[in-house]
Amino acid sequence: MRITLDANQGFSPSEAVHFIQELEKNKIRPVLFEQPVLKTDLPGMKYVKEHISVPVAADESVFTGADAINIVRLGCADIINIKLMKSGIIEALDIAAIARNSNIKLMIGCMLETKLALSCSVHLAAGLGGFDFIDLDPHIDPEKELFSEGPEFTAPCYSVSDIYPGIGVRRR
């Protein structure tokens, strides 16, 4: 079983390092540690990255290509999590290009969006490729979903169809 940890900016740099060290003492090794410190604390994120063996992922710290360049310049993350609802398509493409050119791994995530937004992310990931980590959870409450069709999720994979035009989503 592989486990990822998303701290959602919840630790100070020293707390984050201590937390991972305690996990490792108990033979728990996550595959990544996402946004361990405040999004603006890039030196703190670099400290964490330099003091643990678990890859560090930047999430809330990266909204734009300029943010991705700052991550690269400071060397404070091993992975960048792209979320279309955070960055939009054009910035997401810029972020992906910057990460790839800098040997930083890519993750694609979401923020409990509708099927319409998730479908955009699924198509971006399928079309662009190169994502080492996929965190595209289906909508939390399917009964309230405003859209139908689109990519189908059968754990742990999405399948993309060409039955409907575009990203394949229809309004209910």
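Colleague: In this predicted model, contact means heavy atoms within 4.5 Å. Which residues does Ser121 touch, not counting residues up to four places away in sequence?
Modeller: Ser121 sits in helix 5, residues 115-128. With residues up to four places away in sequence not counted, the residues that Ser121 touches are Leu84, Ile108, Gly109 and Leu136.

Colleague: Is Ser121 buried or exposed?
Modeller: Buried means under 20% relative accessible area. The relative accessible area of Ser121 is 0%, so Ser121 is buried.

Colleague: Where is Ile79 found, and is Ile79 buried or exposed?
Modeller: Ile79 belongs to strand 4, which covers residues 79-82. Its relative accessible area is 1%, so Ile79 counts as buried.

Colleague: What span does helix 1 reach from its first C-alpha to its last?
Modeller: Helix 1 runs over residues 13-25, which is 13 residues. At 1.5 Å a residue, 18 Å is expected. The span in the model is close to that, at 19 Å.

Colleague: Why are the buried residues of helix 1 on the same side?
Modeller: The buried residues in helix 1 are Pro13, Ala16, Val17, Ile20 and Leu23. They lie on the same side of helix 1 because they cover an arc of only 125° around the axis. An α-helix has 3.6 residues a turn, so residues three or four places apart point the same way. The arc asked about is therefore 125°.

Colleague: What covers the buried residues of helix 1?
Modeller: Two strands are part of the cover, strand 1 (4-6) and strand 2 (32-34). The cover also includes helix 2 (42-51).

Colleague: How do helix 1 and helix 2 pack, roughly parallel or roughly antiparallel?
Modeller: Two packed helices are described by the angle between their axes and the distance between the axes. For helix 1 and helix 2 the angle is about 25° and the axes are 9 Å apart. Angles under 35 degrees count as roughly parallel, so helix 1 is roughly parallel to helix 2.

Colleague: Which residues in helix 2 meet helix 1?
Modeller: The crossing of the two helices, helix 1 and helix 2, is right-handed. From helix 1 come Pro13, Ser14, Ala16, Val17 and Gln21, and they meet Gly44, Tyr47, Val48 and His51 in helix 2.

Notes. Residues are numbered from 1 along each chain as its sequence is written. This is a predicted model: local features need pLDDT of at least 70, side-chain atom pairs count only at pLDDT 80 or more; totals for chains, interfaces and linings use all residues. Side-chain values use heavy atoms; hydrogens and water are left out. Helices (H or I, at least four residues) and strands (E, at least two) are DSSP runs, numbered from the N terminus. Buried means under 20% relative accessible area, exposed over 50%, partly exposed in between (1.4 Å probe, protein chains only). The expected span of a helix is 1.5 Å times one less than its number of residues. The arc is that of the directions from the helix axis to the C-beta atoms. Axes are lines fitted to C-alpha atoms, for helices over the stretch in contact, and angles run from 0 to 180 degrees between N-to-C directions. Angles under 35 degrees count as roughly parallel, over 145 as roughly antiparallel, 65 to 115 as roughly perpendicular and the rest as oblique. A crossing is left-handed if the near helix is turned anticlockwise from the far one by less than a right angle, and right-handed if clockwise.
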